[in-house]
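Please look over the sequence and the model shown here before reading on. The paragraphs below go through the strand pairing and then the chain as a whole.

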Amino acid sequence: GEAIRVLEAAAVAGDAPPGTVLPGPGLTVACGGGALRISRMQRPGRPAMEADALRRGFDFGPCLATPC
């Protein structure tokens, strides 16, 4: 896997196993309690970008952690 740096995010409501990518705008990932909506991130060696743009060009799949 690739380490992605989270630059901006906010806690939001969510109910799914931790690591699950939730539907909706941007990139929202379920956590142990609630979820984290990531708005800005950076791939290694790349410029920072909005999560919406990165999600359109990068396949995160249904889960960011194992097990999910």
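Which residue in S4 is the bridge partner of Thr-28? The partner is Arg-37, and this pair belongs to the antiparallel pairing of strand S3 (residues 27-30) with S4, which runs over four bridges. The model is a predicted one, in which local features need pLDDT of at least 70, side-chain atom pairs count only at pLDDT 80 or more, and totals for chains, interfaces and linings use all residues. Residues are numbered from 1 along each chain as its sequence is written, while side-chain values use heavy atoms, with hydrogens and water left out.

Helices (H or I, at least four residues) and strands (E, at least two) are DSSP runs numbered from the N terminus, and two strands pair if DSSP finds at least two bridges between them. S3 and S4 form a hairpin with four residues between them, and Gly-34 in its turn has a positive phi of about 90°. S4 (residues 35-42) also pairs with strand S1 (residues 5-12), in the antiparallel sense and over seven bridges, with Ala-35 in S4 as the bridge partner of Val-12. Strand S5 (residues 49-50) pairs with S4 in the antiparallel sense over two bridges, where Met-41 stands opposite Met-49.

Along the sequence the chain follows the pattern β-β-β-β-β-α. Its radius of gyration, taken over C-alpha atoms, is 11 Å, close to the 11 Å that the globule rule (2.2 Å times the number of residues to the power 0.38) gives for 68 residues, so the chain is as compact as a globular protein of that length.
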